[in-house]
Amino acid sequence: MNTNFRNDLDYVNRVRGQMNKNQLMLCYRGEMSQEIVIALLNLTENKLNQTNDDSTIKTRVFSVMVECLQNITQQSKESIHAKSNLFMVGYAEHGYTVYSGNVVKKENVEELRSRILEINTMTEEELKEFYKSLIKNESLSGKTGFGLGLIHIARKTGNALEFNFEQIDTDHYFFSLSTLVDH
Amino acid sequence: MDIIKITATEDTPNVILDHINKVFEISGRSLPEDVVVFYQPVIQWLEELEKNPVENLELSIKLEYFNTASSKLILDILLKLEQIFEAGTPLKVKWFHISTDSDMKEAGEEYSEIVGLPFEIIAY
Amino acid sequence: MELENSFETKSSYQKQLSHIYSFHKLMDENDIMLVYCGDFSQELNKTLLSFTERKFKTENVEDNTRRKIFNIMVEVLQNISKNKVDAGENIPDFEAIFMLGTNNNDYILISSNLIRNEKIAPLQDRIEQVNSLDKEGLKNLYKEVRLNASFSDKAGAGIGIIDIARKSENKLEYSFVEMNNEYSVFSFLIRITKQ
(Lines give C-alpha, C1' and ligand atoms only; values in the text may rest on other atoms or scores of the structure.)
Protein backbone atom coordinates (compact mmCIF):
# COMPACT_ATOMS: atom_id res chain seq x y z
CA MET A 1 0.00 0.00 0.00
CA ASN A 2 1.32 3.40 -0.91
CA THR A 3 1.83 5.77 1.90
CA ASN A 4 1.63 8.73 -0.42
CA PHE A 5 -1.14 9.20 -2.84
CA ARG A 6 -0.07 8.68 -6.39
CA ASN A 7 0.08 12.00 -8.16
CA ASP A 8 -1.08 10.30 -11.25
CA LEU A 9 -4.68 11.29 -11.82
CA ASP A 10 -4.92 8.33 -14.14
CA TYR A 11 -5.76 6.36 -11.04
CA VAL A 12 -9.09 8.15 -11.12
CA ASN A 13 -9.56 6.96 -14.67
CA ARG A 14 -8.79 3.40 -13.66
CA VAL A 15 -11.39 3.56 -10.93
CA ARG A 16 -13.93 5.13 -13.22
CA GLY A 17 -13.16 2.52 -15.85
CA GLN A 18 -13.93 -0.26 -13.40
CA MET A 19 -17.04 1.51 -12.16
CA ASN A 20 -18.33 1.81 -15.71
CA LYS A 21 -17.39 -1.70 -16.69
CA ASN A 22 -19.24 -3.15 -13.74
CA GLN A 23 -22.06 -0.62 -13.84
CA LEU A 24 -21.29 0.50 -10.32
CA MET A 25 -22.89 3.46 -8.65
CA LEU A 26 -21.65 3.44 -5.10
CA CYS A 27 -18.77 1.73 -3.33
CA TYR A 28 -17.76 1.76 0.29
CA ARG A 29 -14.71 0.08 1.66
CA GLY A 30 -13.83 0.05 5.34
CA GLU A 31 -15.01 -0.67 8.83
CA MET A 32 -18.52 -1.89 9.31
CA SER A 33 -20.56 -1.11 12.39
CA GLN A 34 -24.23 -0.57 13.12
CA GLU A 35 -23.65 3.18 12.74
CA ILE A 36 -22.06 2.75 9.35
CA VAL A 37 -24.68 0.27 8.23
CA ILE A 38 -27.36 2.82 9.02
CA ALA A 39 -25.38 5.56 7.29
CA LEU A 40 -25.00 3.39 4.18
CA LEU A 41 -28.69 2.54 4.25
CA ASN A 42 -29.60 6.21 4.39
CA LEU A 43 -27.21 7.00 1.57
CA THR A 44 -28.51 4.23 -0.66
CA GLU A 45 -32.10 4.85 0.22
CA ASN A 46 -31.83 8.55 -0.57
CA LYS A 47 -30.13 7.83 -3.84
CA LEU A 48 -32.70 5.26 -4.88
CA ASN A 49 -35.55 7.51 -3.84
CA GLN A 50 -34.42 9.91 -6.52
CA THR A 51 -35.31 7.38 -9.15
CA ASN A 52 -38.74 6.28 -10.20
CA ASP A 53 -38.20 2.67 -9.36
CA ASP A 54 -41.05 0.84 -7.82
CA SER A 55 -40.89 0.66 -4.07
CA THR A 56 -40.69 -3.12 -3.93
CA ILE A 57 -37.31 -3.11 -5.63
CA LYS A 58 -36.08 -0.43 -3.28
CA THR A 59 -37.26 -2.26 -0.19
CA ARG A 60 -35.63 -5.42 -1.42
CA VAL A 61 -32.32 -3.68 -2.08
CA PHE A 62 -32.56 -2.30 1.41
CA SER A 63 -33.36 -5.70 2.80
CA VAL A 64 -30.42 -7.39 1.05
CA MET A 65 -28.11 -4.64 2.25
CA VAL A 66 -29.13 -4.98 5.86
CA GLU A 67 -28.63 -8.73 5.91
CA CYS A 68 -25.24 -8.61 4.21
CA LEU A 69 -23.89 -5.64 6.09
CA GLN A 70 -25.08 -6.69 9.52
CA ASN A 71 -23.56 -10.09 8.91
CA ILE A 72 -20.28 -8.44 7.97
CA THR A 73 -20.46 -6.24 11.06
CA GLN A 74 -20.70 -9.30 13.25
CA GLN A 75 -17.95 -11.15 11.39
CA SER A 76 -15.47 -8.32 11.29
CA LYS A 77 -15.66 -7.32 14.93
CA GLU A 78 -12.13 -7.12 16.31
CA SER A 79 -10.78 -8.34 13.01
CA ILE A 80 -7.54 -7.00 11.65
CA HIS A 81 -9.21 -7.19 8.28
CA ALA A 82 -12.00 -4.82 9.22
CA LYS A 83 -10.79 -2.31 6.70
CA SER A 84 -11.33 -4.78 3.90
CA ASN A 85 -15.08 -4.87 4.12
CA LEU A 86 -16.68 -3.91 0.86
CA PHE A 87 -20.15 -2.80 -0.07
CA MET A 88 -21.23 -1.80 -3.57
CA VAL A 89 -24.42 -1.11 -5.46
CA GLY A 90 -24.60 -1.27 -9.20
CA TYR A 91 -27.15 -0.98 -11.93
CA ALA A 92 -28.64 -4.10 -13.45
CA GLU A 93 -30.93 -4.47 -16.41
CA HIS A 94 -34.19 -4.34 -14.50
CA GLY A 95 -32.99 -3.33 -11.08
CA TYR A 96 -29.83 -3.32 -9.05
CA THR A 97 -27.01 -5.55 -7.98
CA VAL A 98 -25.89 -5.49 -4.37
CA TYR A 99 -22.34 -6.63 -3.73
CA SER A 100 -20.69 -7.28 -0.45
CA GLY A 101 -17.23 -8.52 0.37
CA ASN A 102 -15.37 -9.37 3.52
CA VAL A 103 -12.51 -11.45 4.80
CA VAL A 104 -13.40 -14.83 6.24
CA LYS A 105 -11.33 -17.47 7.98
CA LYS A 106 -10.29 -20.44 5.92
CA GLU A 107 -11.99 -22.86 8.29
CA ASN A 108 -15.38 -21.23 7.59
CA VAL A 109 -15.16 -21.24 3.82
CA GLU A 110 -16.44 -24.75 3.14
CA GLU A 111 -19.53 -24.35 5.31
CA LEU A 112 -20.41 -21.02 3.80
CA ARG A 113 -19.87 -22.28 0.29
CA SER A 114 -22.03 -25.35 0.74
CA ARG A 115 -24.76 -23.37 2.45
CA ILE A 116 -24.99 -21.00 -0.51
CA LEU A 117 -24.89 -23.80 -3.04
CA GLU A 118 -27.64 -25.59 -1.14
CA ILE A 119 -29.81 -22.50 -1.06
CA ASN A 120 -29.25 -21.95 -4.77
CA THR A 121 -30.61 -25.38 -5.61
CA MET A 122 -33.82 -25.01 -3.61
CA THR A 123 -37.21 -24.28 -5.06
CA GLU A 124 -39.43 -21.51 -3.72
CA GLU A 125 -41.38 -24.03 -1.68
CA GLU A 126 -38.25 -25.62 -0.29
CA LEU A 127 -36.84 -22.25 0.66
CA LYS A 128 -40.06 -21.37 2.45
CA GLU A 129 -39.97 -24.60 4.42
CA PHE A 130 -36.29 -24.21 5.19
CA TYR A 131 -36.89 -20.67 6.40
CA LYS A 132 -39.74 -21.75 8.61
CA SER A 133 -37.75 -24.56 10.16
CA LEU A 134 -34.69 -22.39 10.76
CA ILE A 135 -36.66 -19.61 12.34
CA LYS A 136 -38.23 -21.98 14.81
CA ASN A 137 -34.87 -23.36 15.79
CA GLU A 138 -34.19 -22.20 19.35
CA SER A 139 -30.46 -21.78 18.88
CA LEU A 140 -31.02 -18.91 16.51
CA SER A 141 -32.17 -16.52 19.18
CA GLY A 142 -29.38 -14.04 19.50
CA LYS A 143 -26.38 -14.58 17.33
CA THR A 144 -27.70 -15.47 13.95
CA GLY A 145 -25.25 -16.97 11.56
CA PHE A 146 -25.69 -15.95 7.99
CA GLY A 147 -28.12 -18.81 7.41
CA LEU A 148 -31.44 -17.08 7.90
CA GLY A 149 -30.18 -13.96 6.17
CA LEU A 150 -29.02 -15.81 3.06
CA ILE A 151 -32.30 -17.67 2.75
CA HIS A 152 -34.19 -14.43 3.16
CA ILE A 153 -32.15 -12.83 0.39
CA ALA A 154 -32.70 -15.79 -1.92
CA ARG A 155 -36.44 -15.78 -1.26
CA LYS A 156 -36.92 -12.06 -1.67
CA THR A 157 -34.95 -11.76 -4.88
CA GLY A 158 -35.82 -15.08 -6.42
CA ASN A 159 -32.31 -15.09 -7.87
CA ALA A 160 -29.34 -17.32 -7.33
CA LEU A 161 -26.69 -15.99 -5.00
CA GLU A 162 -23.44 -15.49 -6.82
CA PHE A 163 -20.29 -15.75 -4.82
CA ASN A 164 -16.54 -16.14 -4.92
CA PHE A 165 -13.70 -16.93 -2.57
CA GLU A 166 -10.22 -15.52 -3.23
CA GLN A 167 -7.39 -16.68 -1.07
CA ILE A 168 -5.50 -13.75 0.40
CA ASP A 169 -3.17 -15.50 2.82
CA THR A 170 -2.74 -18.93 4.41
CA ASP A 171 -5.62 -18.45 6.81
CA HIS A 172 -7.96 -16.08 5.05
CA TYR A 173 -10.17 -15.74 2.04
CA PHE A 174 -11.98 -12.78 0.59
CA PHE A 175 -15.63 -13.70 0.25
CA SER A 176 -17.63 -11.83 -2.38
CA LEU A 177 -21.38 -12.06 -2.65
CA SER A 178 -23.46 -10.65 -5.45
CA THR A 179 -27.23 -10.39 -5.35
CA LEU A 180 -29.39 -9.31 -8.23
CA VAL A 181 -32.51 -7.43 -7.20
CA ASP A 182 -34.84 -7.08 -10.12
CA HIS A 183 -38.38 -7.62 -11.34
CA MET B 1 -47.74 -4.97 35.37
CA ASP B 2 -45.27 -2.61 33.81
CA ILE B 3 -46.08 -0.35 30.94
CA ILE B 4 -43.55 -0.52 28.15
CA LYS B 5 -42.96 2.56 26.05
CA ILE B 6 -39.95 2.59 23.74
CA THR B 7 -39.52 5.44 21.30
CA ALA B 8 -38.45 4.58 17.79
CA THR B 9 -34.98 5.31 16.50
CA GLU B 10 -33.47 4.87 13.07
CA ASP B 11 -32.92 1.20 13.67
CA THR B 12 -35.38 0.26 16.38
CA PRO B 13 -39.17 0.31 16.43
CA ASN B 14 -41.75 2.12 18.50
CA VAL B 15 -43.07 -0.21 21.18
CA ILE B 16 -46.13 0.48 23.30
CA LEU B 17 -47.40 -2.17 25.66
CA ASP B 18 -49.96 -0.38 27.78
CA HIS B 19 -52.56 -2.54 29.46
CA ILE B 20 -54.22 0.47 31.10
CA ASN B 21 -54.97 2.36 27.89
CA LYS B 22 -55.24 -0.88 25.96
CA VAL B 23 -52.62 0.07 23.38
CA PHE B 24 -50.34 -2.74 22.23
CA GLU B 25 -48.24 -1.88 19.26
CA ILE B 26 -44.89 -2.46 17.60
CA SER B 27 -44.27 -0.15 14.68
CA GLY B 28 -41.56 1.38 12.52
CA ARG B 29 -38.31 -0.31 11.62
CA SER B 30 -36.57 -3.11 13.38
CA LEU B 31 -32.92 -3.70 12.64
CA PRO B 32 -31.08 -3.37 15.92
CA GLU B 33 -27.63 -4.81 16.17
CA ASP B 34 -28.54 -6.84 19.21
CA VAL B 35 -32.15 -7.96 18.90
CA VAL B 36 -32.13 -9.97 22.11
CA VAL B 37 -31.13 -6.94 24.16
CA PHE B 38 -33.66 -4.74 22.44
CA TYR B 39 -36.63 -7.06 22.78
CA GLN B 40 -35.79 -8.27 26.23
CA PRO B 41 -38.27 -5.93 27.96
CA VAL B 42 -40.95 -7.10 25.56
CA ILE B 43 -40.30 -10.77 26.30
CA GLN B 44 -40.29 -9.99 30.00
CA TRP B 45 -43.58 -8.14 29.67
CA LEU B 46 -45.07 -11.14 27.90
CA GLU B 47 -44.02 -13.35 30.77
CA GLU B 48 -45.82 -11.03 33.15
CA LEU B 49 -48.80 -11.05 30.80
CA GLU B 50 -48.95 -14.81 31.08
CA LYS B 51 -49.49 -14.45 34.82
CA ASN B 52 -51.89 -11.50 34.42
CA PRO B 53 -53.61 -12.01 31.10
CA VAL B 54 -55.46 -9.13 29.49
CA GLU B 55 -58.72 -10.14 27.88
CA ASN B 56 -59.16 -9.38 24.17
CA LEU B 57 -55.71 -7.95 23.80
CA GLU B 58 -55.00 -6.87 20.23
CA LEU B 59 -51.35 -6.59 19.29
CA SER B 60 -50.77 -4.36 16.29
CA ILE B 61 -47.64 -5.00 14.32
CA LYS B 62 -47.05 -2.24 11.83
CA LEU B 63 -43.50 -2.59 10.64
CA GLU B 64 -42.00 -0.93 7.61
CA TYR B 65 -39.04 -3.23 7.73
CA PHE B 66 -37.42 -5.85 9.95
CA ASN B 67 -34.20 -7.79 9.58
CA THR B 68 -34.02 -11.57 9.89
CA ALA B 69 -32.67 -11.34 13.43
CA SER B 70 -35.83 -9.43 14.37
CA SER B 71 -37.98 -11.96 12.55
CA LYS B 72 -36.87 -14.55 15.04
CA LEU B 73 -37.81 -12.35 17.99
CA ILE B 74 -41.15 -11.49 16.41
CA LEU B 75 -41.81 -15.20 16.21
CA ASP B 76 -40.85 -15.57 19.87
CA ILE B 77 -43.34 -12.84 20.75
CA LEU B 78 -46.09 -14.50 18.74
CA LEU B 79 -45.34 -17.91 20.20
CA LYS B 80 -45.61 -16.48 23.69
CA LEU B 81 -48.98 -14.99 22.78
CA GLU B 82 -50.01 -18.33 21.34
CA GLN B 83 -49.29 -19.97 24.68
CA ILE B 84 -51.48 -17.42 26.45
CA PHE B 85 -54.20 -17.85 23.83
CA GLU B 86 -54.14 -21.61 24.11
CA ALA B 87 -54.44 -21.32 27.87
CA GLY B 88 -57.80 -19.66 27.32
CA THR B 89 -57.34 -15.90 26.93
CA PRO B 90 -58.87 -14.47 23.77
CA LEU B 91 -56.46 -12.27 21.91
CA LYS B 92 -55.53 -11.35 18.38
CA VAL B 93 -52.75 -10.05 16.16
CA LYS B 94 -53.29 -7.27 13.65
CA TRP B 95 -50.59 -7.31 11.03
CA PHE B 96 -50.40 -4.11 9.03
CA HIS B 97 -48.67 -3.61 5.73
CA ILE B 98 -48.49 -0.75 3.24
CA SER B 99 -50.85 -1.77 0.47
CA THR B 100 -48.09 -1.87 -2.13
CA ASP B 101 -45.76 -3.91 0.08
CA SER B 102 -46.46 -7.49 -0.86
CA ASP B 103 -43.37 -8.72 0.97
CA MET B 104 -44.72 -7.47 4.29
CA LYS B 105 -48.13 -8.94 3.55
CA GLU B 106 -46.51 -12.28 2.83
CA ALA B 107 -44.50 -12.08 6.04
CA GLY B 108 -47.73 -11.65 8.00
CA GLU B 109 -49.36 -14.52 6.18
CA GLU B 110 -46.40 -16.74 6.98
CA TYR B 111 -46.50 -15.93 10.65
CA SER B 112 -50.20 -16.71 10.67
CA GLU B 113 -49.36 -20.12 9.20
CA ILE B 114 -46.71 -20.87 11.79
CA VAL B 115 -48.54 -19.59 14.84
CA GLY B 116 -51.98 -20.68 16.01
CA LEU B 117 -53.40 -17.24 16.71
CA PRO B 118 -56.27 -15.20 15.29
CA PHE B 119 -54.54 -13.02 12.71
CA GLU B 120 -55.88 -10.10 10.79
CA ILE B 121 -53.84 -8.83 7.86
CA ILE B 122 -54.61 -5.20 7.12
CA ALA B 123 -53.46 -3.11 4.20
CA TYR B 124 -53.10 0.64 4.65
CA MET C 1 -6.90 -24.07 -4.28
CA GLU C 2 -7.34 -27.24 -2.28
CA LEU C 3 -10.83 -26.21 -1.19
CA GLU C 4 -12.24 -26.29 -4.68
CA ASN C 5 -13.41 -29.57 -6.02
CA SER C 6 -14.57 -30.26 -9.54
CA PHE C 7 -18.25 -30.03 -8.67
CA GLU C 8 -17.88 -26.53 -7.37
CA THR C 9 -15.74 -25.14 -10.12
CA LYS C 10 -18.30 -26.36 -12.60
CA SER C 11 -21.12 -24.84 -10.61
CA SER C 12 -22.88 -22.20 -12.58
CA TYR C 13 -23.61 -20.29 -9.43
CA GLN C 14 -20.03 -19.48 -8.70
CA LYS C 15 -19.59 -17.08 -11.50
CA GLN C 16 -16.45 -15.14 -11.97
CA LEU C 17 -16.90 -12.56 -9.28
CA SER C 18 -13.19 -12.00 -9.07
CA HIS C 19 -13.84 -8.53 -10.41
CA ILE C 20 -15.22 -7.62 -7.01
CA TYR C 21 -11.98 -8.64 -5.38
CA SER C 22 -10.02 -6.76 -8.05
CA PHE C 23 -12.00 -3.63 -7.45
CA HIS C 24 -11.43 -4.00 -3.77
CA LYS C 25 -7.69 -4.17 -4.40
CA LEU C 26 -7.93 -1.12 -6.61
CA MET C 27 -9.58 0.84 -3.85
CA ASP C 28 -7.01 -0.53 -1.45
CA GLU C 29 -4.15 0.81 -3.59
CA ASN C 30 -4.88 4.30 -2.43
CA ASP C 31 -6.95 3.58 0.60
CA ILE C 32 -10.13 4.85 -0.99
CA MET C 33 -13.13 4.58 1.28
CA LEU C 34 -15.98 5.87 -0.83
CA VAL C 35 -16.66 6.15 -4.53
CA TYR C 36 -19.83 7.53 -6.03
CA CYS C 37 -20.47 7.77 -9.73
CA GLY C 38 -23.59 9.32 -11.20
CA ASP C 39 -25.86 12.27 -10.78
CA PHE C 40 -24.93 15.00 -8.36
CA SER C 41 -27.98 16.92 -7.23
CA GLN C 42 -28.38 19.04 -4.14
CA GLU C 43 -30.22 16.15 -2.52
CA LEU C 44 -27.56 13.64 -3.38
CA ASN C 45 -24.80 15.92 -2.16
CA LYS C 46 -26.55 16.29 1.17
CA THR C 47 -26.74 12.54 1.40
CA LEU C 48 -23.04 12.05 0.66
CA LEU C 49 -22.21 14.69 3.21
CA SER C 50 -24.25 13.12 5.99
CA PHE C 51 -22.72 9.78 5.25
CA THR C 52 -19.22 11.18 5.53
CA GLU C 53 -20.05 13.11 8.65
CA ARG C 54 -21.43 10.05 10.29
CA LYS C 55 -18.58 7.84 9.21
CA PHE C 56 -15.93 10.18 10.51
CA LYS C 57 -17.77 10.72 13.74
CA THR C 58 -17.77 7.01 14.48
CA GLU C 59 -14.06 6.90 13.79
CA ASN C 60 -13.43 9.71 16.24
CA VAL C 61 -11.78 11.85 13.65
CA GLU C 62 -10.59 15.04 15.27
CA ASP C 63 -13.26 17.78 15.14
CA ASN C 64 -11.21 20.33 13.31
CA THR C 65 -10.17 17.92 10.61
CA ARG C 66 -13.70 16.65 10.25
CA ARG C 67 -14.99 20.16 9.75
CA LYS C 68 -12.34 20.86 7.12
CA ILE C 69 -13.13 17.72 5.19
CA PHE C 70 -16.80 18.49 5.38
CA ASN C 71 -16.42 22.08 4.20
CA ILE C 72 -14.14 21.14 1.37
CA MET C 73 -16.47 18.37 0.38
CA VAL C 74 -19.36 20.83 0.22
CA GLU C 75 -17.38 22.99 -2.18
CA VAL C 76 -16.25 20.09 -4.31
CA LEU C 77 -19.72 18.59 -4.61
CA GLN C 78 -21.24 21.95 -5.36
CA ASN C 79 -18.66 22.41 -8.08
CA ILE C 80 -19.72 19.14 -9.67
CA SER C 81 -23.40 20.09 -9.45
CA LYS C 82 -22.77 23.53 -10.86
CA ASN C 83 -21.03 22.06 -13.88
CA LYS C 84 -23.87 19.71 -14.50
CA VAL C 85 -24.51 19.26 -18.18
CA ASP C 86 -28.18 19.01 -18.87
CA ALA C 87 -28.98 19.08 -22.50
CA GLY C 88 -27.11 19.59 -25.69
CA GLU C 89 -25.84 17.73 -28.66
CA ASN C 90 -22.19 17.49 -28.11
CA ILE C 91 -22.16 16.02 -24.62
CA PRO C 92 -19.62 13.27 -24.12
CA ASP C 93 -20.70 10.14 -22.34
CA PHE C 94 -19.14 10.82 -18.99
CA GLU C 95 -20.58 10.49 -15.53
CA ALA C 96 -19.17 12.58 -12.74
CA ILE C 97 -17.35 10.76 -9.98
CA PHE C 98 -16.44 11.58 -6.41
CA MET C 99 -13.97 9.72 -4.25
CA LEU C 100 -12.95 10.00 -0.65
CA GLY C 101 -9.97 8.26 0.81
CA THR C 102 -7.57 8.19 3.67
CA ASN C 103 -4.05 6.99 3.98
CA ASN C 104 -1.43 7.26 6.67
CA ASN C 105 -0.89 10.96 6.26
CA ASP C 106 -3.77 12.55 4.46
CA TYR C 107 -7.44 12.57 3.71
CA ILE C 108 -8.03 12.81 0.00
CA LEU C 109 -10.99 14.11 -1.96
CA ILE C 110 -11.17 13.56 -5.67
CA SER C 111 -13.70 14.73 -8.18
CA SER C 112 -13.86 14.25 -11.88
CA ASN C 113 -16.55 15.80 -14.04
CA LEU C 114 -17.33 17.43 -17.34
CA ILE C 115 -16.72 21.12 -17.70
CA ARG C 116 -17.43 23.49 -20.57
CA ASN C 117 -14.18 24.49 -22.28
CA GLU C 118 -14.75 28.20 -21.79
CA LYS C 119 -14.73 27.66 -18.03
CA ILE C 120 -11.27 26.14 -18.04
CA ALA C 121 -9.11 29.27 -18.25
CA PRO C 122 -10.49 31.16 -15.26
CA LEU C 123 -10.59 28.00 -13.20
CA GLN C 124 -7.05 27.00 -14.06
CA ASP C 125 -5.84 30.51 -13.39
CA ARG C 126 -7.43 30.48 -10.02
CA ILE C 127 -5.97 27.12 -9.04
CA GLU C 128 -2.51 28.13 -10.19
CA GLN C 129 -2.87 31.34 -8.29
CA VAL C 130 -3.82 29.71 -5.01
CA ASN C 131 -1.09 27.13 -5.41
CA SER C 132 1.47 29.89 -5.64
CA LEU C 133 0.41 31.58 -2.42
CA ASP C 134 1.28 30.91 1.17
CA LYS C 135 -1.14 31.02 4.08
CA GLU C 136 -0.93 34.79 4.44
CA GLY C 137 -1.25 35.30 0.70
CA LEU C 138 -4.33 33.14 0.57
CA LYS C 139 -5.92 35.02 3.42
CA ASN C 140 -5.39 38.29 1.61
CA LEU C 141 -6.64 36.94 -1.68
CA TYR C 142 -9.74 35.66 0.00
CA LYS C 143 -10.45 39.06 1.53
CA GLU C 144 -9.82 40.78 -1.75
CA VAL C 145 -12.10 38.54 -3.76
CA ARG C 146 -14.78 38.70 -1.10
CA LEU C 147 -14.69 42.49 -1.13
CA ASN C 148 -14.89 42.65 -4.89
CA ALA C 149 -17.52 40.00 -5.19
CA SER C 150 -19.98 40.69 -7.88
CA PHE C 151 -22.48 37.93 -8.23
CA SER C 152 -21.10 36.84 -11.52
CA ASP C 153 -20.13 33.27 -12.17
CA LYS C 154 -16.46 34.02 -12.29
CA ALA C 155 -16.26 35.46 -8.81
CA GLY C 156 -18.37 32.66 -7.44
CA ALA C 157 -16.09 29.99 -8.75
CA GLY C 158 -13.09 31.81 -7.38
CA ILE C 159 -14.05 31.94 -3.71
CA GLY C 160 -14.64 28.22 -3.53
CA ILE C 161 -11.18 27.37 -4.78
CA ILE C 162 -9.54 29.82 -2.39
CA ASP C 163 -11.53 28.41 0.46
CA ILE C 164 -10.52 24.87 -0.44
CA ALA C 165 -6.87 25.87 -0.65
CA ARG C 166 -6.98 27.61 2.71
CA LYS C 167 -8.60 24.69 4.44
CA SER C 168 -6.57 21.93 2.89
CA GLU C 169 -3.25 23.65 3.44
CA ASN C 170 -1.79 21.64 0.57
CA LYS C 171 -1.24 22.23 -3.13
CA LEU C 172 -4.29 21.47 -5.20
CA GLU C 173 -3.77 18.93 -7.94
CA TYR C 174 -5.81 18.99 -11.11
CA SER C 175 -6.00 18.16 -14.77
CA PHE C 176 -8.08 19.12 -17.78
CA VAL C 177 -8.53 16.58 -20.52
CA GLU C 178 -10.30 17.72 -23.65
CA MET C 179 -13.15 15.53 -24.83
CA ASN C 180 -14.36 17.58 -27.77
CA ASN C 181 -14.59 21.21 -28.88
CA GLU C 182 -17.13 22.01 -26.17
CA TYR C 183 -16.25 19.87 -23.19
CA SER C 184 -13.32 18.68 -21.16
CA VAL C 185 -12.96 16.58 -18.07
CA PHE C 186 -11.82 18.40 -14.98
CA SER C 187 -10.22 16.16 -12.35
CA PHE C 188 -9.46 17.61 -8.98
CA LEU C 189 -7.49 16.19 -6.06
CA ILE C 190 -7.42 17.75 -2.63
CA ARG C 191 -5.31 16.61 0.28
CA ILE C 192 -5.98 17.34 3.92
CA THR C 193 -3.12 16.39 6.16
CA LYS C 194 -4.11 14.54 9.30
CA GLN C 195 -3.43 16.60 12.39
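**Notes on how chain A meets its neighbours**

1. Let's start inside chain A. If you skip the neighbours within four places in sequence, Met65(A) is in contact with Leu40(A), Leu41(A), Thr44(A) and Val98(A). Keep in mind as you look around that this is a predicted model.

2. Some of those names come back when you look at the largest nonpolar core, which has 127 residues. Among the members that touch the most others are Leu40(A), Met65(A) and Val98(A), along with Leu69(A) and Leu161(A). Chain C is on that list too, with Val35(C) and Met99(C).

3. Now for helix α1 of chain A, residues 10-21. Its 12 residues reach 16 Å from the first C-alpha to the last, close to the 16 Å expected at 1.5 Å a residue.

4. Which residues of α1(A) are buried? They are Tyr11(A), Val12(A), Val15(A), Arg16(A) and Met19(A). Why do they sit on the same side of α1(A)? Because they cover an arc of only 135° around the axis. The face turned away from that buried side carries Asp10(A), Arg14(A), Gly17(A) and Lys21(A), which are exposed.

5. What covers the buried residues of α1(A)? The cover includes β1 of chain A, and from chain C it includes α2, β1, β2, β3 and β5.

6. That takes us to the contact between chains A and C, with 48 residues from chain A and 50 residues from chain C. On the chain C side, at least two residues each come from α2 (18-29), β1 (32-37), α3 (42-58), β2 (97-102), β3 (106-116), β4 (173-178) and β5 (183-193). α2(C) has the largest share, 10 residues. By type, this side of chain C splits into 22 nonpolar, 17 polar and 11 charged residues.

7. Strand β1 of chain A (residues 24-29) is joined to β1(C) by 3 bridges, and the two run antiparallel. To find the spot on your screen, look for Leu26(A), which stands opposite Tyr36(C) in β1(C).

8. Last, have a look at chain B. Here 18 residues of chain B are in contact with 20 residues of chain A. On the chain B side, α2 (68-86) and α3 (102-114) each supply at least two residues, and α2(B) gives the most, with 6 residues. This side of chain B divides into 6 nonpolar, 5 polar and 7 charged residues.

Key. Residues are numbered from 1 along each chain as its sequence is written. Chains are lettered from A and ligands numbered from 1 in the order in which they are written. This is a predicted model: local features need pLDDT of at least 70, side-chain atom pairs count only at pLDDT 80 or more; totals for chains, interfaces and linings use all residues. Two residues are in contact if their C-beta atoms, placed from the backbone, lie within 7 Å. Helices (H or I, at least four residues) and strands (E, at least two) are DSSP runs, numbered from the N terminus. Ala, Val, Leu, Ile, Met, Phe, Trp, Tyr, Cys and Pro count as nonpolar, Asp, Glu, Lys and Arg as charged, and the others, Gly among them, as polar. Two strands pair if DSSP finds at least two bridges between them. The expected span of a helix is 1.5 Å times one less than its number of residues. A residue is buried if 20 or more other C-beta atoms lie within 10 Å of its own, exposed if 12 or fewer, and partly exposed in between; C-beta atoms are placed from the backbone. The arc is that of the directions from the helix axis to the C-beta atoms. A nonpolar core is a set of buried Ala, Val, Leu, Ile, Met, Phe, Trp, Tyr and Cys residues joined through C-beta atoms within 7 Å.
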